[in-house]
Amino acid sequence: MEPSKPTHTPKPRPAVPPSNLNPLLPEPEGDADLDVLPLQRFFPSTSRQFYTICAASLLLLATVTYVAWPSEPDIKFVRLRLDRIRIRTKPCLLIDISLFLKVKVINADLYSMDYEALDVAIGYRGKALGHVRSQHGHVRALGSSYVDAEVELDGVEVLSDAVLLLEDLAKGTVPLDTITLVEGRLGVLFFGFDLK
C-alpha cells in the first residue's frame, strides 16, 4: 500500500474593497498580502499643483518684463564739426547754425533698430530751435553703435535765448523738448517689425 500524499488546499484570499484596487498592479500570487497605498502620498494635490504653476508663471512673466522693458540709451557725442554759420540782423539778431555730429549710442536693450530716416525736432522753452536728422543707421542690441547726424538750428535768437540758456547752465540742466519721427525696422531677437 502506498502512502497517501497530503493534499494542500490554498487559503482563500481576503477580500479587498474595490475602491483600493489599482488595475496597474499585478494580481497577488498565493498567500502574498497586498498593500495598496493611496496616490495622494506620491503626488501633490491638484490645488497645490495649480498654485505652484501660477507662482512659476508669474515669476517668469516678471523676469521677462524686467529684461525686455525698454530703457533709455546712453548717448555720447564723439565728434562735432561746424558746417556753416549765418547771422541775420532783421527783424532781430538771429543765428543759423549747421553742424555734423558723430554720436555713440550705447543700447542696453534686447532691441536693435535699422532706420531709414530719423528726424528729431528740438525745442527750448516753448520755441522751436531746429532739427537733428540722420539717414540710414543701425543701432545694435546689447551693444554700442556710431550714428552720423546733421544738426540744423534755424533762427536762434541770440540775446533772449542766451540769457535763459546761461541761467539753465548755472542750474546744471538744460530742458530741451524733442519730438522724434523714425522710419525703419525694430528687431527683437530673430524677428523684425516695421517701425514708424
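The following dialogue explains how to read several features of a predicted model.

Visitor: On what basis are the residues numbered, and which pLDDT values are needed?
Guide: Residues are numbered from 1 along each chain as its sequence is written, and side-chain values use heavy atoms, with hydrogens and water left out. Because this is a predicted model, local features need pLDDT of at least 70 and side-chain atom pairs count only at pLDDT 80 or more, while totals for chains, interfaces and linings use all residues.

Visitor: What does UniProt place at residues 50–69?
Guide: UniProt positions are given in the numbering used here, with shortened feature names, and annotations may be inferred rather than shown by experiment. The unreviewed UniProt entry places a "transmembrane region" at residues 50–69. Helices (H or I, at least four residues) and strands (E, at least two) are DSSP runs, numbered from the N terminus. Over residues 50–69 the chain is 95% helix and 0% strand, with the end C-alpha atoms 28 Å apart.

Visitor: How many bridges join strand S6 to strand S7?
Guide: Two strands pair if DSSP finds at least two bridges between them. Strand S6 (residues 176–188) and strand S7 (residues 191–195) run antiparallel and are joined by five bridges. Glycine 184 has leucine 195 in S7 as its bridge partner. The two strands form a hairpin with two residues between them, and leucine 189 in the turn has a positive phi of about 55 degrees.

Visitor: Where are histidine 136 and leucine 142 found?
Guide: Most residues other than glycine have a negative phi. Histidine 136, in strand S4 (residues 127–139), has a positive phi near 50 degrees. Leucine 142, in the loop between S4 and strand S5 (143–157), also has a phi near 50 degrees.

Visitor: Is histidine 136 buried or exposed?
Guide: Buried means under 20% relative accessible area, exposed over 50%, and partly exposed in between (1.4 Å probe, protein chains only). Histidine 136 is exposed at 65%, and leucine 142 is exposed at 59%.

Visitor: How many salt bridges does the count come to?
Guide: A salt bridge is a side-chain nitrogen of Lys or Arg within 4 Å of a carboxyl oxygen of Asp or Glu. By this rule the count comes to five salt bridges. One of them joins the side chains of glutamate 152 and arginine 84 (3.6 Å, N to O). That pair links distant parts of the chain, with glutamate 152 in strand S5 and arginine 84 in strand S1, 68 residues apart. Glutamate 152 is buried, with a relative accessible area of 18%, whereas arginine 84 is partly exposed at 38%.

Visitor: Which residue forms a salt bridge with arginine 86?
Guide: Aspartate 96 does so, the closest N and O atoms being 3.2 Å apart. Arginine 86 lies in strand S1 and aspartate 96 in strand S2, so the pair ties together parts that are ten residues apart in sequence. Aspartate 96 is buried, with a relative accessible area of 5%, while arginine 86 is partly exposed at 44%. Arg86, Arg88 and Asp96 are linked in a network of salt bridges.

Visitor: Which residues does the salt bridge of aspartate 148 join?
Guide: Aspartate 148 forms a salt bridge with lysine 102, the closest N and O atoms being 3.0 Å apart. Aspartate 148 lies in strand S5 and lysine 102 in strand S2, so the pair ties together parts that are 46 residues apart in sequence. Aspartate 148 is partly exposed, with a relative accessible area of 48%.
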